[in-house]
Amino acid sequence: MSESRPPLPPFTRETAIQKVRAAENGWNGCNPEKVSLAYTADSRWRNRSEFFSGRAAIVEFLTRKWAKEHEYRLIKEIWAFTEDRIAVRFAYEFHDVAGDWFRAYGNENWEFDANGLMRLRHASINDLAISESERKFHWDRAAPRPDDHPGLTELGL
């Protein structure tokens, strides 16, 4: 039996939005092994200036990432979609080991296989230092972003 991660392509606007929210919820859980299961075994990534492929590399990357990015909170928003591709914009907030806060802004392009696993991910990201008082993402880290929490557009991001 092959792995499957609904919703599956071809995407409608509704299922593409569901896919984006599922990805947001997964990443906010900060569990590298669990997140890696949303990708094909040979998934190819470009994240900033890093290029790698495969689930083991994804786990290694995310483990390293979340060891440095404390109190990580992410919001993703759909930008566009086709039958098997989704483009998103996102922002996330975190602080480093010194307690300095940042908001990272970016865009991702995703391509999926027929089973709904992401086979290609390209991410472009920029970081902005912010003060703690400028934070906008305040939900409980132990849970997904609440449905009534504003998205990027509503927050003016």
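Select Glu24 and Arg21: both lie in helix H1 (residues 13-28), three residues apart, about one turn of the helix. Helices (H or I, at least four residues) and strands (E, at least two) are DSSP runs, numbered from the N terminus.

The model is predicted: local features need pLDDT of at least 70, side-chain atom pairs count only at pLDDT 80 or more, and totals for chains, interfaces and linings use all residues. Residues are numbered from 1 along each chain as its sequence is written, and side-chain values use heavy atoms, with hydrogens and water left out.

**Stop 1: Glu24 and its partners**

Stay on the Glu24 and Arg21 side chains. They meet in a salt bridge, 3.5 Å from N to O. The term means a side-chain nitrogen of Lys or Arg within 4 Å of a carboxyl oxygen of Asp or Glu. Glu24 is buried, at a relative accessible area of 0%. Arg21 is partly exposed, at 22%. The classes run as follows: buried is under 20% relative accessible area, exposed is over 50%, and partly exposed is in between (1.4 Å probe, protein chains only).

Arg145 is buried, with a relative accessible area of 7%.

**Stop 2: Asp84 and Arg119**

Move to Asp84 and Arg119. Their side chains meet in a salt bridge of 3.4 Å, N to O. Asp84 lies in the loop between strand E3 (70-81) and strand E4 (85-95), and Arg119 lies in strand E6, so the pair ties together parts that are 35 residues apart in sequence. Asp84 is partly exposed at 24% relative accessibility. Arg119 is partly exposed at 31%.

**Stop 3: the aromatic rings**

Switch to the rings. A search of the whole structure finds 14 aromatic pairs. Rings of Phe, Tyr and Trp (its six-membered ring) pair if their centres lie within 6.5 Å; planes under 30 degrees apart count as stacked, over 60 as edge-to-face and the rest as tilted.

Select Trp27 and Trp45. This pair is stacked, at 6.0 Å centre to centre with 15 degrees between the planes. Trp27 lies in helix H1 and Trp45 in strand E1 (residues 39-47), so the pair ties together parts that are 18 residues apart in sequence. Are these two residues buried or exposed? Trp27 is buried, and so is Trp45.

Trp27, Tyr39, Trp45, Phe52, Phe61, Trp66, Tyr72, Phe90, Tyr92, Phe94 and Phe102 form one aromatic cluster.

**Stop 4: charges over rings**

Pick Phe90 from that cluster. Lys76 lies over the face of Phe90, 5.1 Å from the ring centre. Then go to Trp101. The charged end of Arg135 sits over the Trp101 ring, 4.0 Å from its centre. A charge sits over a ring if NZ of Lys or CZ of Arg is within 6 Å of the ring centre and within 35 degrees of the ring normal.

**Stop 5: Glu77**

Finish in strand E3, at Glu77. Glu77 is buried, at 17% relative accessibility. What joins the side chains of Glu77 and Thr153? A polar contact of 2.7 Å does. Such a contact is a pair of N or O atoms within 3.5 Å; within protein, one must be able to donate a hydrogen and the other to accept it, and residues adjacent in sequence count only if both atoms are side-chain atoms.

Show the neighbours of Glu77. Not counting residues up to four places away in sequence, Glu77 touches Val20, Ala87, Val88, Arg89, Gly151, Leu152 and Thr153. Contact here means heavy atoms within 4.5 Å.
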